[in-house]
Amino acid sequence: MPSFKPTTLWEASPHTLAKLEIIGRYLYLWFAIVGSNPNNRRLVYIDGFAGPGRYTNSDKSSPLVALLAAKYALNTFPGKLSEKEFCFLFVEKNPKFADSLRETISAISWPAQFKWNVENGSFEEKVGDILNTFRREGKQLAP
């Protein structure tokens with residue numbers, strides 16, 4: 001069976017929208033709980049198949065859901081999270097989709113401690129390079 005490889009925006013199915021709701025609730029708690037540990041000064045979220053940042057029938061997407069969950073957690077628990085750095089890496093293979101995602105994220109105001117980047121390329125090459133560098137240098141990736 002061929003994999004789904006769209007070239008234009010597509011409609012999010014009801015199960016996709018439900019998945020995004022679940023991801024948002026989970027990540028909100030993840031950012032709040034993991035971020036409350038004083039040893040965790042940086043929190044990292046990587047989306048290896050980020051997509052264009054929106055659907056024809058919804059402005060929600062996994063990258064925006066992740067960013068908004070972190071923003072909501074920060075606003076809810078500023079005392080515990082205000083000193084944390086939130087790093088987001090969104091990897092998208094399709095150059096048009098990567099540009100669309102960059103534009104979508106840029107249109108929203110994010111807290112100063114949010115650092116985000118959209119990388120055009122495959123998950124294997126972009127994240128693999130990061131992990132290989134960390135291994136070579138004996139470093140660990142933040143939670």
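Is Glu21 buried, partly exposed or exposed? Glu21 counts as partly exposed, at 33% relative accessibility.

Confidence, briefly. The average pLDDT for the protein is 92. Of the residues, 97% score at least 70. Among the elements, helix α2 has the highest mean pLDDT, at 98. Helix α5, residues 123-137, has the lowest, at 85. As a general point, where pLDDT is low, the predicted coordinates should not be read in detail.

Now the salt bridges. How many are there? The count comes to five. I will show some of them.

Take Glu21 with Arg25. Their side chains form a salt bridge, 2.9 Å from N to O. Both residues belong to helix α1, which covers residues 14-35. They sit four residues apart, about one turn of the helix. In general, an α-helix has 3.6 residues a turn, so residues three or four places apart point the same way. Arg25 is exposed, and its relative accessible area is 57%.

Glu21 has another partner. The side chain of Lys60 meets that of Glu21 in a salt bridge, at 3.6 Å from N to O. Lys60 is in the loop between β1 (42-47) and α2 (62-76), while Glu21 is in helix α1, so this pair ties together parts 39 residues apart in sequence. Lys60 counts as partly exposed, at 40% relative accessibility. Put together, Glu21, Arg25 and Lys60 make a network of salt bridges.

Next pair: Arg42 and Glu85. They form a salt bridge whose closest N and O atoms are 2.5 Å apart. Arg42 is in strand β1, and Glu85 is in strand β2, residues 85-92. This pair links distant parts of the chain, 43 residues apart. Arg42 counts as partly exposed at 42% relative accessibility. Glu85 also counts as partly exposed, at 24%.

On to helix α2. What is its length? α2 has 15 residues and reaches 21 Å from its first C-alpha to its last. That is close to the 21 Å expected at 1.5 Å a residue.

Which residues of α2 are buried? The list is Ser62, Pro63, Leu64, Val65, Ala66, Leu67, Ala69, Ala70, Ala73 and Leu74. What covers them? The cover includes helices α1, α3 (78-81) and α4 (95-106).

Look at Ser62 in particular. Ser62 lies in helix α2. Its relative accessible area is 15%, under the 20% cut-off, so Ser62 is buried. Setting aside neighbours within four places in sequence, Ser62 is in contact with Leu20, Tyr45, Asp47 and Ala50.

Helix α4 now. Its 12 residues should span 16 Å at 1.5 Å a residue. The end C-alpha atoms are 16 Å apart, which agrees. Buried in α4 are Phe97, Ala98, Ser100, Leu101, Thr104 and Ile105. Viewed down the axis of α4, these buried residues fall within an arc of 160°, so they line one face of the helix. They pack against α2, β2 and β3. What does the face turned away from the buried side carry? That face of α4 carries the exposed residues Lys96 and Glu103.

The N-terminal end of α4 has a cap, and the residue is Asn94. A side-chain oxygen of Asn94 lies 2.8 Å from the backbone nitrogen of Lys96.

Back to α5. At 1.5 Å a residue, its 15 residues should span 21 Å. Its end C-alpha atoms are 21 Å apart, in agreement. What follows α5? Gly138 does, and its phi is positive, near 70°.

One last stop: Asn37. It is found in the loop between α1 and β1. Asn37 is partly exposed, with a relative accessible area of 31%. How far apart are the C-alpha atoms of Asn37 and Gly48? They are separated by 26 Å, with the residues 11 apart along the chain.

To recap. Glu21, Arg25 and Lys60 are linked in a salt-bridge network. Arg42 and Glu85 link β1 and β2. The buried residues of α4 pack against α2, among others.

Technical notes
Residues are numbered from 1 along each chain as its sequence is written. This is a predicted model: local features need pLDDT of at least 70, side-chain atom pairs count only at pLDDT 80 or more; totals for chains, interfaces and linings use all residues. Side-chain values use heavy atoms; hydrogens and water are left out. A salt bridge is a side-chain nitrogen of Lys or Arg within 4 Å of a carboxyl oxygen of Asp or Glu. Helices (H or I, at least four residues) and strands (E, at least two) are DSSP runs, numbered from the N terminus. Buried means under 20% relative accessible area, exposed over 50%, partly exposed in between (1.4 Å probe, protein chains only). The expected span of a helix is 1.5 Å times one less than its number of residues. Contact means heavy atoms within 4.5 Å. The arc is that of the directions from the helix axis to the C-beta atoms. A polar contact is a pair of N or O atoms within 3.5 Å; within protein, one must be able to donate a hydrogen and the other to accept it, and residues adjacent in sequence count only if both atoms are side-chain atoms. pLDDT is the predictor's confidence in each residue, from 0 to 100.
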